[in-house]
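Work through the exercises below. Each task is followed by a stepwise solution.

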Amino acid sequence: YRWEKPEIITTISRTDTLVRPSKWQFFINGELGGNQDGLNLYPGATLLYKKMELGYSYGLLDKTHNIRIGYRLFKSNR
């Protein structure tokens with residue numbers, strides 16, 4: 001009987017990749033609103049860039065333009 005030294009395999013293969021979150025997000029949205037006198041529909045769009053929000057909507061029935069500007073103060077963990 002001849003003793004053979006065991007072979008140790010030390011190759012490690014990893015498939016991890018880092019994915020950076022997107023810096024901006026684009027949303028198409030719609031709103032329904034009004035008061036006692038009438039109803040209005042507002043199709044619009046919103047752009048989120050890092051902590052800023054820029055949005056636009058247009059009132060179809062009363063032909064009004066609305067612009068939104070926002071800033072995120074904090075982000076929840078959930």
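**Exercise 1.** Classify Arg-68 in this predicted model as buried, partly exposed or exposed.

Solution. 
- Take the relative accessibility of Arg-68, which is 24%.
- Buried requires under 20%, and exposed requires over 50%.
- Arg-68 therefore counts as partly exposed.

**Exercise 2.** Find how many salt bridges the structure holds, and identify the partners.

Solution. 
- The count is 2 salt bridges.
- Apply the cut-off: a side-chain nitrogen of Lys or Arg within 4 Å of a carboxyl oxygen of Asp or Glu.
- Arg-68 and Glu-31 qualify at 3.3 Å, N to O. This pair joins distant parts of the chain: Arg-68 lies in strand β4 (residues 65-71) and Glu-31 in strand β1 (residues 24-34), 37 residues apart.
- Glu-53 and Arg-68 qualify too, with their closest N and O atoms 3.7 Å apart. Here Glu-53 sits in strand β3 (residues 52-58) and Arg-68 in strand β4, and the two are 15 residues apart.

**Exercise 3.** Which residues are linked in a network of salt bridges?

Solution. 
- Start with the bridge between Arg-68 and Glu-31.
- The network links Glu-31, Glu-53 and Arg-68.

Conventions: Residues are numbered from 1 along each chain as its sequence is written. This is a predicted model: local features need pLDDT of at least 70, side-chain atom pairs count only at pLDDT 80 or more; totals for chains, interfaces and linings use all residues. Side-chain values use heavy atoms; hydrogens and water are left out. Helices (H or I, at least four residues) and strands (E, at least two) are DSSP runs, numbered from the N terminus. Buried means under 20% relative accessible area, exposed over 50%, partly exposed in between (1.4 Å probe, protein chains only).
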